[in-house]
Amino acid sequence: MAARRPGPVWLFDLDNTLHNAGASAFKHFDGAMNAFIAERLQVSWAEADHLRADYWARYGSTLLGLIRHHGISVRDFVDETHRFPTLEQEVVTHVHDAAALRRLPGRKIILTNAGQAYARRVLRALRLDGLFDEIIGIEQMQMFGQLRPKPDARMFRALAARLGVHPRSCILVEDTLLHQKAAHRVGMRTVWMQRWLKHHAHGPEVGVYLHRKPAYVYARISKLQQLHRVL
């Protein structure tokens, strides 16, 4: 567990928050998940595509639906769907992001519904590795033998308790409103990263009106340099 130090606990999403996943990972994820579902469940590609999208819409995670309805292993899913040989060549970094993250006081943690090994690869490609105290992937979001990924409010509460802080001390930086709504419900502050949503939205954020600020969103930003305004 990350060592305590003064300041808030920053919980950073990864895809479409710290990098433009619409131009890299997202174009691989859908196809990889469809292939996995089609092979494991012995269904057509069209049915696999439907199940992937349906489970994401219903549960906030395709994997959660596959576990609940088909008994799919978390490890098998992550191992099979996160193999992107060209990922490092496609990830785009921003020269000012590392400096902006270094300036933030407190602990910084990656909290992603993607796999932990994938998150490490992306951070290395972005040259942001070493700036985070902990990387929590979907495999680590287990509670009492059940997977509880974002947007499960129970996971947010349990994480704050494990980190030894009140949820009010946590700031979730995310592109997905559904996750922010759950975090706000347990007392966390939420920051809506909109940098890539206009042209590279994915899943539940497609078609979201970016100029509104829901009551559960504390602040909206378009770049990491704006995070100092949250403090």
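Author: Let's start with a term: a polar contact is a pair of N or O atoms within 3.5 Å; within protein, one must be able to donate a hydrogen and the other to accept it, and residues adjacent in sequence count only if both atoms are side-chain atoms. The model is predicted, so local features need pLDDT of at least 70, side-chain atom pairs count only at pLDDT 80 or more, and totals for chains, interfaces and linings use all residues. Residues are numbered from 1 along each chain as its sequence is written, and side-chain values use heavy atoms, with hydrogens and water left out.

Reader: What makes the pairing of Gln 116 with the side chain of Glu 139 a polar contact?

Author: The backbone nitrogen of Gln 116 lies 3.0 Å from a polar atom of that side chain, and the cut-off is 3.5 Å.

Reader: Why is Glu 139 called buried?

Author: Its relative accessibility is 13%, and buried means under 20% (exposed is over 50%, partly exposed in between; 1.4 Å probe, protein chains only).

Reader: How do you know that the length of helix H2 agrees with its residue count?

Author: The expected span is 1.5 Å times one less than the number of residues. For the 15 residues of H2 (45-59) that gives 21 Å, and the end C-alpha atoms are 21 Å apart, so the two agree.

Reader: Which residues of H2 are buried, and what makes them one face?

Author: They are Ala 48, Leu 51, Arg 52, Tyr 55 and Tyr 59.

Definitions and conventions:
Helices (H or I, at least four residues) and strands (E, at least two) are DSSP runs, numbered from the N terminus.
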